[in-house]
Amino acid sequence: MRFERIGREPDYSRYMDLKEGWLDRRIFSDADIYEEELYRIFARSWLFVAHESQIPSSGDFLTTHMGEDAVIVARQPDGSIRVMLNSCPHRGNKVCFADAGNTRRFVCNYHGWAFDTAGDLKGMHEEYCYDAGDIDFKNHGLKNVAKVGNYKGLVFATFNSDAPSLEAWLGDFRWYLDMILDNEEGGTEFIGGCIKSVISANWKFGVENFIGDAYHAGWTHDSGTRSMNNGQPFPPIDMDNSYHASVNGHGWEFGTEGVGDLFLLGRPKVMDYYNKIRPKMAERLGEMRSKIFGSVASASIFPNVSFLPGISTFRQWQPKGPMQFELKTWVIVNKNMPDDIKEEVTKGVMQTFGPGGTFEMDDGENWENCTTVNRGVVTRHERLHYRCGIGRQIEHDTLPGIVYRGQYNDANQRGFYQRWLDMMTHDEFGKMPARPEPQLGNVAETRDLPGLFAL
């Protein structure tokens, strides 16, 4: 699918100078900029749409959004997954109103047009009223997306036929993703359903918070941390042995002590479980990754997915205008984890990062205020400061990506907005620079990496 925009092409570089470390506040509230984001970012990126565990059987489906486009994600009889617009080609009505289920047909409630789980038009109410030649059934099904991909259980889709492969889109960030998706034999699954909430804030504030803002945690979440852990404060950050790592707008900020996030979850049985499997994790992924997992950490996949690997909350920031997003959250666990430990993880996630969690409420209030206050007619012309740690980039012998030392840093946020600027500026993926050049080559499985990256 190709999309042509009619009208003036603004110079988006004027909204930021990331070498100097500042952003223009208007990118968080301007309606025209938001509209361009829908075209240039959400209509062209690989977007998360499901975990394969949510639709395990033929006929299983769920509904979600890609940007502001409603879509249906459906498992096919051959085991493949189709993603299609949730909009009837007759008058545009929403076809499926259910969040999830199992079906043989999707039927529009306006005129009874019926589609199979692949989106093909199969019939309609009073079909006799269409004369020969009135309608071509083959060309009036539900519009399928251009590409669907699966990385270790995470299902992504894109409207862009020119998009690179999903593996190329994730690139070297797969080295980091495998810490949550492949730290134990059997892979992962989502459990307990999806929780949805609406926050009156720009979608980028959620992404940038999770991609690199460890700095806020010890202050914003101090009371929540103490209430969850017998009065103990947020774990101290070792600035010499913690890092930001960015790959083409994806980012992971982390320590290497292995316990900080597991401590914040407040579930001793979960801590014991991971400590028991950590030696096998080191054999599977290498010593460095086994030390990173469970540490104070947070991560985002460009453009709008985030997670806390040690706390097991997985989330997506669905844009609903420049000043509102819908937050969808799930609990992600190892599939082979004992059921009682899965229950402990679920309770811990709900108490920390559920809608009424001790940490979630703090963040939502801050993001809403950032969005509304930045919109002031004088305020919007003031720059925002993103210089923290700007001189701390390093070459690391084990960690791939653009790496900065020190977890209190704005490096990953700058990396996220650099990819935002790349997407908003370049019409073709081939013209976008790699940030950085790939280091891991064409290795399909990061467990098989030779040399330093396997350490």
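Which ring does the charged end of Arg 44 sit over? That would be Phe 429, with the charged end 5.6 Å from the ring's centre. Keep in mind that this is a predicted model. Here's a quick tour of its cores, its aromatic rings and one proline.

**Nonpolar cores**
- The largest nonpolar core has 111 residues, and Trp 252 and Trp 420 have the most contacts inside it.
- Another core, of 15 residues, lies apart from the largest one, and Val 95 and Trp 113 are among its members.

**Aromatic rings**
- There are 37 aromatic pairs in the structure.
- One of them is Tyr 176 with Phe 254, a tilted pair at 6.1 Å centre to centre and 45° between the planes.
- Tyr 176 sits in helix α3 and Phe 254 in strand β15, so this pair ties together parts 78 residues apart in sequence.
- Both Tyr 176 and Phe 254 are buried, and they belong to one aromatic cluster that also includes Trp 252 and Trp 330.
- Arg 383 has its charged end over the ring of Trp 22, 3.8 Å from the centre.

**Pro 436**
- You'll find Pro 436 in the segment after α12 (411-425), and it's partly exposed, at 22% relative accessible area.
- Setting aside neighbours within four places in sequence, Pro 436 is in contact with Ser 246, Val 247, Gly 401 and Ile 402.

Note on methods. Residues are numbered from 1 along each chain as its sequence is written. This is a predicted model: local features need pLDDT of at least 70, side-chain atom pairs count only at pLDDT 80 or more; totals for chains, interfaces and linings use all residues. Side-chain values use heavy atoms; hydrogens and water are left out. Helices (H or I, at least four residues) and strands (E, at least two) are DSSP runs, numbered from the N terminus. Buried means under 20% relative accessible area, exposed over 50%, partly exposed in between (1.4 Å probe, protein chains only). Contact means heavy atoms within 4.5 Å. A nonpolar core is a set of buried Ala, Val, Leu, Ile, Met, Phe, Trp, Tyr and Cys residues joined through side-chain atoms within 4.5 Å. Rings of Phe, Tyr and Trp (its six-membered ring) pair if their centres lie within 6.5 Å; planes under 30 degrees apart count as stacked, over 60 as edge-to-face and the rest as tilted. A charge sits over a ring if NZ of Lys or CZ of Arg is within 6 Å of the ring centre and within 35 degrees of the ring normal.
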